[in-house]
Amino acid sequence: MTLSETWFMEGYIDFELQKYRLLAYLQEVKQCFNETKLYPQLSDIVFHYNNLVSFQKNKRFLQDRFPKKLDMLDMQKLELVYERMLADNELMRELEHITQYALDKMKGTINEGAEIYEFIEKQLLVEPVGIVPLYKNEGYIFLRYGSYSEVSVYNYNISLFEHKDSRYKGIKMTYVDSRVKNSANTYEQIKLDIIRTFRTLPNPAVYKVEFPLSIPFNETLLPIAKRVLVRHIV
(Lines give C-alpha, C1' and ligand atoms only; values in the text may rest on other atoms or scores of the structure.)
Protein backbone atom coordinates (compact mmCIF):
# COMPACT_ATOMS: atom_id res chain seq x y z
CA MET A 1 0.00 0.00 0.00
CA THR A 2 1.23 3.49 -0.84
CA LEU A 3 0.07 6.97 0.05
CA SER A 4 -0.07 9.80 -2.44
CA GLU A 5 1.60 13.11 -1.71
CA THR A 6 -1.75 14.64 -0.74
CA TRP A 7 -3.44 11.56 0.75
CA PHE A 8 -4.74 13.43 3.81
CA MET A 9 -6.83 15.82 1.70
CA GLU A 10 -8.10 13.44 -0.96
CA GLY A 11 -11.64 12.19 -1.20
CA TYR A 12 -13.98 12.90 1.68
CA ILE A 13 -12.01 14.80 4.31
CA ASP A 14 -12.96 12.98 7.47
CA PHE A 15 -10.73 12.13 10.42
CA GLU A 16 -11.96 8.55 10.88
CA LEU A 17 -11.65 7.77 7.18
CA GLN A 18 -8.12 9.14 6.86
CA LYS A 19 -7.14 7.51 10.15
CA TYR A 20 -8.17 4.12 8.73
CA ARG A 21 -6.16 4.78 5.57
CA LEU A 22 -3.10 5.85 7.57
CA LEU A 23 -3.18 2.88 9.98
CA ALA A 24 -3.46 0.43 7.07
CA TYR A 25 -0.39 2.04 5.49
CA LEU A 26 1.60 2.00 8.74
CA GLN A 27 0.71 -1.64 9.34
CA GLU A 28 2.32 -2.62 6.05
CA VAL A 29 5.38 -0.48 6.76
CA LYS A 30 5.83 -2.06 10.19
CA GLN A 31 5.47 -5.54 8.68
CA CYS A 32 8.36 -4.76 6.34
CA PHE A 33 10.42 -3.44 9.26
CA ASN A 34 9.70 -6.64 11.19
CA GLU A 35 11.22 -8.52 8.25
CA THR A 36 14.22 -6.12 8.33
CA LYS A 37 13.16 -4.63 5.00
CA LEU A 38 13.82 -0.90 5.23
CA TYR A 39 13.60 0.42 1.68
CA PRO A 40 11.73 1.97 0.04
CA GLN A 41 9.43 2.04 3.08
CA LEU A 42 11.70 4.10 5.36
CA SER A 43 12.42 6.84 2.83
CA ASP A 44 8.74 6.86 1.82
CA ILE A 45 7.39 7.41 5.33
CA VAL A 46 10.04 10.07 6.04
CA PHE A 47 8.87 11.87 2.88
CA HIS A 48 5.25 11.80 4.05
CA TYR A 49 6.24 13.00 7.52
CA ASN A 50 8.16 15.98 6.13
CA ASN A 51 5.28 16.68 3.77
CA LEU A 52 2.87 16.97 6.70
CA VAL A 53 5.29 19.22 8.59
CA SER A 54 5.42 21.50 5.56
CA PHE A 55 1.64 21.61 5.48
CA GLN A 56 1.42 22.60 9.13
CA LYS A 57 4.02 25.32 8.74
CA ASN A 58 2.75 26.75 5.50
CA LYS A 59 -0.89 26.76 4.47
CA ARG A 60 0.07 27.68 0.93
CA PHE A 61 1.18 24.06 0.59
CA LEU A 62 -2.46 23.11 0.81
CA GLN A 63 -3.72 26.03 -1.25
CA ASP A 64 -1.42 25.05 -4.12
CA ARG A 65 -2.54 21.42 -4.09
CA PHE A 66 -6.16 21.45 -3.05
CA PRO A 67 -8.78 20.70 -5.75
CA LYS A 68 -10.27 23.79 -7.29
CA LYS A 69 -13.95 24.30 -8.09
CA LEU A 70 -14.96 25.71 -11.44
CA ASP A 71 -16.48 29.16 -10.94
CA MET A 72 -16.90 30.69 -14.39
CA LEU A 73 -15.59 30.43 -17.90
CA ASP A 74 -14.04 33.45 -19.51
CA MET A 75 -14.93 32.84 -23.14
CA GLN A 76 -12.80 35.70 -24.45
CA LYS A 77 -9.54 34.54 -22.95
CA LEU A 78 -10.50 30.88 -22.86
CA GLU A 79 -9.33 30.72 -19.28
CA LEU A 80 -10.88 28.83 -16.44
CA VAL A 81 -11.37 30.90 -13.33
CA TYR A 82 -11.36 28.87 -10.19
CA GLU A 83 -12.72 29.60 -6.78
CA ARG A 84 -10.60 28.08 -4.07
CA MET A 85 -12.44 25.67 -1.88
CA LEU A 86 -10.14 26.16 1.07
CA ALA A 87 -10.32 28.73 3.85
CA ASP A 88 -9.61 28.76 7.57
CA ASN A 89 -12.85 27.07 8.59
CA GLU A 90 -14.14 23.74 9.79
CA LEU A 91 -12.50 21.97 6.85
CA MET A 92 -9.10 23.35 7.80
CA ARG A 93 -9.56 22.30 11.43
CA GLU A 94 -10.39 18.76 10.32
CA LEU A 95 -7.28 18.66 8.17
CA GLU A 96 -5.13 19.88 11.03
CA HIS A 97 -6.62 17.17 13.25
CA ILE A 98 -5.75 14.55 10.64
CA THR A 99 -2.20 15.78 10.08
CA GLN A 100 -1.33 16.05 13.77
CA TYR A 101 -2.56 12.52 14.40
CA ALA A 102 -0.61 11.26 11.37
CA LEU A 103 2.58 13.00 12.50
CA ASP A 104 2.41 11.36 15.93
CA LYS A 105 1.81 7.91 14.46
CA MET A 106 4.43 8.26 11.71
CA LYS A 107 7.10 9.46 14.13
CA GLY A 108 6.86 6.24 16.15
CA THR A 109 7.15 4.10 13.02
CA ILE A 110 10.07 6.15 11.71
CA ASN A 111 11.88 5.63 15.03
CA GLU A 112 11.44 1.86 14.65
CA GLY A 113 12.99 1.94 11.20
CA ALA A 114 15.78 4.27 12.33
CA GLU A 115 16.75 1.87 15.13
CA ILE A 116 17.12 -0.97 12.62
CA TYR A 117 19.10 1.30 10.29
CA GLU A 118 21.48 2.41 13.06
CA PHE A 119 22.07 -1.16 14.22
CA ILE A 120 23.00 -2.30 10.72
CA GLU A 121 25.11 0.80 10.08
CA LYS A 122 27.18 0.21 13.23
CA GLN A 123 27.84 -3.41 12.24
CA LEU A 124 28.77 -2.59 8.64
CA LEU A 125 32.48 -2.89 7.88
CA VAL A 126 33.89 -0.68 5.10
CA GLU A 127 37.58 -0.98 4.26
CA PRO A 128 39.74 -0.32 1.18
CA VAL A 129 41.18 -3.24 -0.74
CA GLY A 130 44.81 -2.49 -1.52
CA ILE A 131 46.12 1.01 -2.13
CA VAL A 132 43.50 3.72 -2.63
CA PRO A 133 44.26 6.06 -5.56
CA LEU A 134 43.83 9.83 -5.33
CA TYR A 135 40.69 9.72 -7.47
CA LYS A 136 38.09 7.88 -5.41
CA ASN A 137 34.82 9.01 -6.97
CA GLU A 138 34.66 5.92 -9.16
CA GLY A 139 35.64 2.35 -8.50
CA TYR A 140 34.34 -1.00 -7.27
CA ILE A 141 32.55 -2.30 -4.21
CA PHE A 142 32.85 -5.88 -2.97
CA LEU A 143 29.70 -6.59 -0.97
CA ARG A 144 29.36 -9.68 1.23
CA TYR A 145 27.11 -10.56 4.16
CA GLY A 146 26.28 -13.34 6.59
CA SER A 147 28.15 -16.60 6.20
CA TYR A 148 27.99 -16.46 2.41
CA SER A 149 31.25 -16.75 0.51
CA GLU A 150 29.77 -15.04 -2.55
CA VAL A 151 30.96 -11.50 -3.15
CA SER A 152 28.74 -9.18 -5.20
CA VAL A 153 30.83 -6.78 -7.27
CA TYR A 154 29.43 -3.34 -8.04
CA ASN A 155 30.82 -0.42 -9.94
CA TYR A 156 30.18 2.83 -8.10
CA ASN A 157 30.21 6.41 -9.29
CA ILE A 158 29.86 9.43 -6.98
CA SER A 159 28.48 12.66 -8.43
CA LEU A 160 28.01 16.16 -7.07
CA PHE A 161 24.61 17.81 -7.35
CA GLU A 162 23.96 21.48 -6.70
CA HIS A 163 20.59 22.91 -5.69
CA LYS A 164 20.36 26.62 -4.89
CA ASP A 165 22.86 27.12 -2.04
CA SER A 166 23.32 23.43 -1.23
CA ARG A 167 25.56 20.73 -2.63
CA TYR A 168 24.77 17.04 -2.44
CA LYS A 169 26.71 13.87 -3.08
CA GLY A 170 24.94 11.11 -4.96
CA ILE A 171 26.10 7.59 -5.70
CA LYS A 172 25.17 5.26 -8.52
CA MET A 173 25.96 1.56 -8.19
CA THR A 174 25.80 -0.91 -11.07
CA TYR A 175 26.07 -4.65 -10.64
CA VAL A 176 29.12 -6.02 -12.44
CA ASP A 177 29.69 -9.64 -11.45
CA SER A 178 30.01 -12.03 -8.53
CA ARG A 179 33.00 -13.91 -7.14
CA VAL A 180 33.64 -16.46 -4.41
CA LYS A 181 35.92 -15.44 -1.57
CA ASN A 182 37.95 -18.10 0.24
CA SER A 183 41.45 -18.62 1.58
CA ALA A 184 42.82 -19.06 -1.94
CA ASN A 185 40.79 -16.30 -3.53
CA THR A 186 41.21 -13.24 -1.32
CA TYR A 187 39.80 -9.77 -1.87
CA GLU A 188 43.14 -8.75 -3.36
CA GLN A 189 42.94 -11.61 -5.87
CA ILE A 190 39.36 -10.70 -6.73
CA LYS A 191 40.45 -7.09 -7.28
CA LEU A 192 43.17 -8.13 -9.73
CA ASP A 193 40.75 -10.40 -11.56
CA ILE A 194 38.13 -7.65 -11.87
CA ILE A 195 40.71 -5.17 -13.19
CA ARG A 196 41.90 -7.69 -15.79
CA THR A 197 38.35 -8.60 -16.82
CA PHE A 198 36.90 -5.09 -16.93
CA ARG A 199 39.54 -2.76 -18.31
CA THR A 200 37.58 0.49 -18.12
CA LEU A 201 39.30 1.44 -14.84
CA PRO A 202 43.02 0.55 -14.88
CA ASN A 203 43.68 1.73 -11.31
CA PRO A 204 40.34 1.87 -9.53
CA ALA A 205 39.52 2.51 -5.90
CA VAL A 206 38.13 -0.71 -4.41
CA TYR A 207 36.30 -1.13 -1.11
CA LYS A 208 34.97 -4.16 0.67
CA VAL A 209 31.68 -3.86 2.53
CA GLU A 210 30.79 -6.67 4.93
CA PHE A 211 27.90 -7.34 7.28
CA PRO A 212 28.03 -10.29 9.73
CA LEU A 213 24.34 -11.28 9.56
CA SER A 214 21.95 -12.40 6.84
CA ILE A 215 19.51 -9.59 6.02
CA PRO A 216 17.45 -8.68 2.93
CA PHE A 217 19.94 -7.63 0.28
CA ASN A 218 18.08 -5.26 -2.04
CA GLU A 219 15.69 -3.85 0.55
CA THR A 220 18.23 -3.20 3.30
CA LEU A 221 21.90 -4.04 2.86
CA LEU A 222 22.48 -2.46 -0.54
CA PRO A 223 20.80 0.92 0.14
CA ILE A 224 22.48 1.27 3.55
CA ALA A 225 25.85 0.30 2.08
CA LYS A 226 25.46 3.04 -0.54
CA ARG A 227 24.83 5.71 2.08
CA VAL A 228 27.66 4.57 4.33
CA LEU A 229 30.05 4.37 1.41
CA VAL A 230 29.44 7.98 0.34
CA ARG A 231 30.31 9.21 3.82
CA HIS A 232 33.34 6.93 3.99
CA ILE A 233 34.83 7.99 0.67
CA VAL A 234 33.99 11.71 0.58
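The protein chain comprises 6 helices and 7 strands; helices (H or I, at least four residues) and strands (E, at least two) are DSSP runs, numbered from the N terminus. This is a predicted model, in which local features need pLDDT of at least 70 and side-chain atom pairs count only at pLDDT 80 or more, while totals for chains, interfaces and linings use all residues. Residues are numbered from 1 along each chain as its sequence is written, and side-chain values use heavy atoms, with hydrogens and water left out.

Along the sequence, the elements of the protein chain follow the order α-α-α-β-β-α-β-β-β-β-α-β-α. Of its 234 residues, 38% count as buried, where buried means under 20% relative accessible area, exposed over 50% and partly exposed in between (1.4 Å probe, protein chains only). Among contacts (heavy atoms within 4.5 Å) between residues at least 6 apart in sequence, 64% join residues at least 24 apart.

Strand β7 has 7 of its 7 residues buried, so it is largely enclosed by the rest of the structure. In a regular strand the side chains alternate between the two faces of the sheet. In β7, Ala-205, Tyr-207, Val-209 and Phe-211 point one way, whereas Val-206, Lys-208 and Glu-210 point the other way, and all are buried.

Two strands pair if DSSP finds at least two bridges between them.

| Partner of β7 | Bridges | Direction | Residues facing each other |
|---|---|---|---|
| β3 (residues 125-128) | 4 bridges | antiparallel | Val-126 and Val-209 |
| β4 (residues 138-145) | 7 bridges | parallel | Tyr-145 and Phe-211 |

A further bridge partner of Tyr-207 in β7 is Ile-141. Strand β4 is itself mostly covered, with 7 of its 8 residues buried.

**Packing of α1 and α4**

Helix α1 (residues 15-34) packs against helix α4 (residues 90-123) at an angle of about 5°, with the axes 10 Å apart. Axes are lines fitted to C-alpha atoms, for helices over the stretch in contact, and angles run from 0 to 180 degrees between N-to-C directions. The two helices α1 and α4 are therefore roughly parallel to each other; angles under 35 degrees count as roughly parallel, over 145 as roughly antiparallel, 65 to 115 as roughly perpendicular and the rest as oblique. Residues making the contact include Leu-22, Leu-23 and Leu-26 of α1 and Ile-98, Tyr-101 and Met-106 of α4. By class, the contact of α1 with α4 has 11 nonpolar, 4 polar and 5 charged residues. Here Ala, Val, Leu, Ile, Met, Phe, Trp, Tyr, Cys and Pro count as nonpolar, Asp, Glu, Lys and Arg as charged, and the others, Gly among them, as polar.

**Aromatic pairs**

Rings of Phe, Tyr and Trp (its six-membered ring) pair if their centres lie within 6.5 Å; planes under 30 degrees apart count as stacked, over 60 as edge-to-face and the rest as tilted. By this rule there are 9 aromatic pairs. Trp-7 and Phe-8 form an edge-to-face pair, 5.8 Å centre to centre with 80° between the planes, and both residues are buried.

Ring pairs also link Tyr-145, Tyr-148, Tyr-154, Tyr-175 and Phe-217 into a cluster. Leaving aside neighbours within four places in sequence, Tyr-154 is in contact with residues including Gly-139, Tyr-140, Ile-141, Tyr-175, Phe-217 and Leu-222. The C-alpha atoms of Tyr-154 and Phe-142, 12 residues apart along the chain, are separated by 6.6 Å.
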